[in-house]
Amino acid sequence: MGERIFHCGALGSAEVVKVINNMLCVTNMFLTAEAIELAQRHGVSFEGLSPILAVSTGLNFLTADAQTGRAQYRAWARSEEAYTAIYNVVSKDLHLALKLADLAHVDLGLLKGVSQYVDSADPQAMGRWMRSGQVN
């Protein structure tokens, strides 16, 4: 099915890896939308910001290329229904990561904070995602 196969360890380890990957992805999605808005409010377009982030420590799958990043946000937030659907998935993924942390007796404060933010259903988040998908 896939071209790249990774052996993660004992039965269930791959599921742990998937949850951790999604945890990082979700955090990037929300924080990148905020970064785009902050840049644009200070007169720096995402198109101007992206090439710098692509060769810097701010690189993630949304910042590597502004056109691709905007297309992702457009797909996720093309409507309130689309945003709600992706929001429900990412919220579930964060809750799974929190459960893994609890099972391992690890206190992950930042993960808790991100999960609380997502659970709060910040009414500005959807608008921010929609704006992140628009070309200025």
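Angles under 35 degrees count as roughly parallel, over 145 as roughly antiparallel, 65 to 115 as roughly perpendicular, and the rest as oblique. The model is predicted: local features need pLDDT of at least 70, side-chain atom pairs count only at pLDDT 80 or more, and totals for chains, interfaces and linings use all residues. Residues are numbered from 1 along each chain as its sequence is written, and side-chain values use heavy atoms, with hydrogens and water left out.

**Exercise 1. Describe the overall build of the protein chain.**

Step 1. Count the elements. The protein chain has six helices and zero strands. Here helices (H or I, at least four residues) and strands (E, at least two) are DSSP runs, numbered from the N terminus.

Step 2. The C-alpha trace spans about 50 × 35 × 30 Å along its principal axes.

Step 3. Look at burial. Of the 136 residues in the protein chain, 35% are buried. Buried means under 20% relative accessible area, exposed over 50%, and partly exposed in between (1.4 Å probe, protein chains only).

Step 4. Look at contacts (heavy atoms within 4.5 Å). Among those with a separation of 6 or more, 66% join residues 24 or more positions apart.

**Exercise 2. Work out how helices H4 and H5 are arranged.**

Step 1. Find the angle. The axes of H4 (residues 80-103) and H5 (residues 109-119) come within 10 Å and cross at roughly 150 degrees. Axes are lines fitted to C-alpha atoms, for helices over the stretch in contact, and angles run from 0 to 180 degrees between N-to-C directions.

Step 2. Classify the angle. H4 and H5 are therefore roughly antiparallel to each other.

Step 3. List the contact residues. H4 brings Tyr 87, Val 90, Ser 91, Leu 94, His 95, Ala 97 and Leu 98. H5 brings Leu 111, Lys 112, Val 114, Ser 115, Val 118 and Asp 119.

Step 4. Sort them. The residues of this contact are eight nonpolar, three polar and two charged. Ala, Val, Leu, Ile, Met, Phe, Trp, Tyr, Cys and Pro count as nonpolar, Asp, Glu, Lys and Arg as charged, and the others, Gly among them, as polar.

**Exercise 3. Trace salt bridges through the structure.**

Step 1. Side chains of opposite charge can pair when their charged atoms come close. A salt bridge is a side-chain nitrogen of Lys or Arg within 4 Å of a carboxyl oxygen of Asp or Glu.

Step 2. Get the total. The whole structure holds eight salt bridges.

Step 3. Take Arg 128 and Glu 34. Their side chains meet in a salt bridge at 3.6 Å, N to O. Arg 128 lies in helix H6 (residues 123-132) and Glu 34 in helix H1 (residues 13-41), so the pair ties together parts 94 residues apart in sequence. Arg 128 is buried at 10%; Glu 34 is partly exposed at 32%.

Step 4. Take Arg 41 and Glu 37. This salt bridge has an N to O distance of 2.8 Å. Both residues lie in helix H1, four residues apart, about one turn of the helix. Arg 41 is exposed at 64%, whereas Glu 37 is buried at 14%.

Step 5. Take Arg 70 and Glu 47. Their closest N and O atoms are 2.6 Å apart in a salt bridge. The pair links Arg 70 in helix H3 (residues 66-76) with Glu 47 in helix H2 (residues 46-53), 23 residues apart. Arg 70 is buried at 1%; Glu 47 is partly exposed at 32%.

Step 6. Join the pieces. Salt bridges link Glu 34, Glu 37, Arg 41, Asp 122, Arg 128 and Arg 131 in a network.
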